[in-house]
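I opened my notebook for a friendly look through this fold. Here is what I looked up, entry by entry.

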Amino acid sequence: MESGAGAILRAARQSSGISLRELGRRTHYSASYLSLIESGKRAVPPGVVAAYERVLGADLGRITSVARAPAAVNAGALHEVADILGALRRVEDATGALTVLPTVRGLTEMVSHSPTALASEVVQYRGWLEHAVGADATARRTLGTAVEIARAAGDPDRLAHSLGFLGYVTASTGDFAAVLDLYDAALSVRGTHPVIDAYGRMRRAEMLAEMDDEREATRALLPESPDADPPDSMYWWSPGFAAVQRAGVLARLGYPTEAVREAEAGLEAMPEEHRRTEWLASALRRVDPDM
């Protein structure tokens with residue numbers, strides 16, 4: 001399981017904003033050697049872990065040892081994985097899905113043996129990244145695994161979110177009835193966070209519009225974002241993004257002028273760091289290919 005340990009080192013380096021060349025300069029290891037370690041082609045020696053810790057200011061010894069022996073995962077190690085996962089999402093925003101996918105695959109190897117909410121979140125994130133790079137068949141399988149882990153963990157937020165993302169990716173197959181079933185299943189989960197529920201309802205409205213059910217789509221369309229802070233895994237959600245989502249539904253309902261106006265207002269309201277991300281560009285293309 002050395003690939004998992006190497007991926008942890010890569011994740012820690014990327015989340016600190018340090019290039020492989022710079023890390024090599026500061027640790028006196030060659031960048032090519034460190035690349036082999038991070039990619040899982042070479043074992044991870046304790047001295048390299050210590051060098052990463054010194055430069056990055058992170059406690060990586062325990063988490064890399066857990067990656068070599070997933071059965072040893074404990075709450076402390078999972079907390080550190082959660083911190084790295086949050087940082088990787090910001091790396092994705094800045095550099096794109098392809099950059100972080102190998103690292104997230106390594107994290108998946110580490111946590112998927114443990115039926116926890118965090119394991120489901122990591123696997124779900126991997127599914128999203130696979131979809132973002134065009135590997136939809138793999139993304140659907142991965143998200144199906146995320147759903148199973150969330151059920152085993154008994155976590156309503158992760159279950160609803162994973163079902164919703166599985167529905168979103170399944171839309172590429174053209175089986176809209178199956179997509180609607182997944183959205184309905186997500187919305188039937190009790191005790192979910194209001195933002196997860198709002199996102200699921202927006203996706204359901206979008207699918208109803210795709211199916212030309214204008215009446216039901218209009219009824220399902222939320223007038224505004226819920227007044228609640230999003231969970232950590234949905235840091236990308238904001239009132240502005242909710243407006244862009246509504247605009248996507250309006251576009252499918254045949255109201256292009258209103259859709260563009262809504263999307264422009266939402267874009268203006270979004271945090272600056274979200275405006276140049278791949279996921280926002282994808283949402284805007286559903287409103288108008290020229291946006």
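This is a predicted model: local features need pLDDT of at least 70, side-chain atom pairs count only at pLDDT 80 or more; totals for chains, interfaces and linings use all residues.

**Entry 1: Trp279.** Which residues does Trp279 touch, leaving aside its neighbours within four places in sequence? I found Glu92, Asp93, Trp128, Tyr235, Trp236, Phe241, Met270 and His274 in contact with Trp279.

**Entry 2: the cores.** I then turned to the nonpolar cores. The largest one holds 73 residues. Trp279 is among the residues with the most contacts inside this core, along with Leu129, Trp236, Trp237 and Phe241. Helix H12 (residues 194-210) gives the largest share of the core, with 9 residues. I also noted a second, separate core of 15 residues, which includes Ala12, Ile18, Leu20 and Ile37.

**Entry 3: the rings.** How many aromatic pairs are there? I get a count of 9. I picked out Trp128 with Phe165, an edge-to-face pair with 6.2 Å centre to centre and 75° between the planes. Trp128 sits in helix H8 (residues 117-132) and Phe165 in helix H10 (residues 156-170), so to speak two distant parts of the chain, 37 residues apart, linked by this pair. Are Trp128 and Phe165 buried or exposed? Both are buried.

**Entry 4: H2 against H4.** Next I checked how helix H2 (residues 20-27) packs with helix H4 (residues 46-56). The angle is about 105° and the axes are 10 Å apart. Angles of 65 to 115 degrees count as roughly perpendicular, and H2 and H4 are therefore roughly perpendicular to each other. On the H2 side I listed Leu20, Leu23, Arg26 and Thr27, which meet Ala51, Tyr52, Arg54, Val55 and Leu56 of H4. Sorted by class, this contact has 6 nonpolar, 1 polar and 2 charged residues. Leu20 is also a member of the second core.

**Entry 5: positive phi.** Most residues other than glycine have a negative phi, and I looked for exceptions. His28 has a phi near 70°. His28 lies in the loop between H2 and helix H3 (31-38), and it is exposed, with a relative accessible area of 73%. Asp212 has a positive phi too, of about 65°. I placed Asp212 in the loop between H12 and helix H13 (214-220). Asp212 is exposed, with a relative accessible area of 69%.

Methods
Residues are numbered from 1 along each chain as its sequence is written. Side-chain values use heavy atoms; hydrogens and water are left out. Axes are lines fitted to C-alpha atoms, for helices over the stretch in contact, and angles run from 0 to 180 degrees between N-to-C directions. Helices (H or I, at least four residues) and strands (E, at least two) are DSSP runs, numbered from the N terminus. Angles under 35 degrees count as roughly parallel, over 145 as roughly antiparallel, 65 to 115 as roughly perpendicular and the rest as oblique. Contact means heavy atoms within 4.5 Å. Ala, Val, Leu, Ile, Met, Phe, Trp, Tyr, Cys and Pro count as nonpolar, Asp, Glu, Lys and Arg as charged, and the others, Gly among them, as polar. A nonpolar core is a set of buried Ala, Val, Leu, Ile, Met, Phe, Trp, Tyr and Cys residues joined through side-chain atoms within 4.5 Å. Buried means under 20% relative accessible area, exposed over 50%, partly exposed in between (1.4 Å probe, protein chains only). Rings of Phe, Tyr and Trp (its six-membered ring) pair if their centres lie within 6.5 Å; planes under 30 degrees apart count as stacked, over 60 as edge-to-face and the rest as tilted.
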